[in-house]
Amino acid sequence: MMKRKRLVVGFWVLAILASGMMTESLASTNAQLPTVAHVDLKRYVGKWYEIARYPNRFQKDCAGDTSATYTLRPDGTVEVVNECRSKEGKTKRAVGTAKVTDRASNSKLKVTFFWPFYGKYWILDLGPEYEYAVVGEPSRKYLWILSREPRMDQSLYARLAKKIADVGYDPEKLVRTPQSGD
């Protein structure tokens, strides 16, 4: 009896996992999302300031001063340290790891802050001097505009908003990130 119960439970777990993989596969097939042609990870690492983002549950307590610092590790993975100022004024910090999933371009990564769960991190646009980046993923549920400086010129921000609209994002959903002194 116990063996049969384990088999039934195992079957349902496999069915749910297979269903999720099929759904993700179909979604990524239907959602063509261009990324940059090539990312030099040695130039990409360092500190980035969040200029704007789509609202999301894991940043719901962030009130401003949001940044991400990337460090290339010897094994080729990237350490990710996200920080923000909470609504209570305290610094919140999350540490994760990113892995390149497209070695030809280095523009598609997957990141985890809680193994075994990974999120797609695709670099959709990148300044010629790595001064700004736009990061999203195929479902278009998540989006970030990043800059090496805590503030971004309004004309550049407007150009990036147009570019993201051209690939299926709604720029009206963007929430600007307050920085100290704003």
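Predicted model: local features only at pLDDT ≥ 70, side-chain atom pairs only at ≥ 80, totals over all residues.
You'll find Phe117 in strand β6, which runs over residues 117–126. Its relative accessibility comes out at 56%, and since exposed means over 50%, Phe117 counts as exposed.

With 62% relative accessibility, Lys60 is another exposed one.

Now salt bridges. How many does the structure hold? The count is eight, and I'll walk you through some of them.

Let me start with Arg43 and Glu129. Their side chains meet in a salt bridge, with N to O at 3.7 Å. What I like here is the sequence separation: Arg43 is in helix α2, residues 41–44, while Glu129 is in the loop between β6 and β7, so to speak 86 residues away, and the pair links distant parts of the chain.

Next, Glu50 and Arg53. In this salt bridge the closest N and O atoms are 2.5 Å apart. Are these two residues buried or exposed? Both Glu50 and Arg53 are buried, and buried means under 20% relative accessible area.

Then we have Arg93 with Glu83, a salt bridge whose closest N and O atoms are 3.8 Å apart. Arg93 belongs to strand β4, residues 91–100, and Glu83 to strand β3, so this pair ties together parts that are ten residues apart in sequence. Arg93 is exposed, with 58% relative accessibility, whereas Glu83 is partly exposed, at 25%.

While we're on β3, have a look at Ser86. Strand β3 spans residues 78–86, and Ser86 is part of it. What is the relative accessible area of Ser86? It's 3%, so Ser86 is buried. If you skip the neighbours within four places in sequence, Ser86 is in contact with Asp61, Ala63 and Lys92.

Last stop, back to the loop between β6 and β7. Glu131 is found in that loop, and β7 itself covers residues 132–136. Glu131 has a relative accessible area of 30%, which puts it in the partly exposed class. Which residues does Glu131 touch, not counting those up to four places away in sequence? Those are Trp48, Ser147 and Arg148. There's a C-alpha distance to go with that: Glu131 and Leu146 are 15 residues apart along the chain, and their C-alpha atoms are separated by 8.5 Å.

After that, click on Arg43 and Glu129 for the salt bridge that links distant parts of the chain. And finish with Ser86, buried at 3%. That's what I have.

Definitions and conventions:
Residues numbered from 1 in each chain as written. Heavy atoms only, no water. Helix = DSSP H or I, 4+ residues; strand = E, 2+ residues; numbered from the N terminus. Buried < 20%, exposed > 50% of the residue type's maximum accessible area, 1.4 Å probe, protein only. Contact = heavy atoms within 4.5 Å. Salt bridge = Lys/Arg side-chain N within 4 Å of Asp/Glu carboxyl O.
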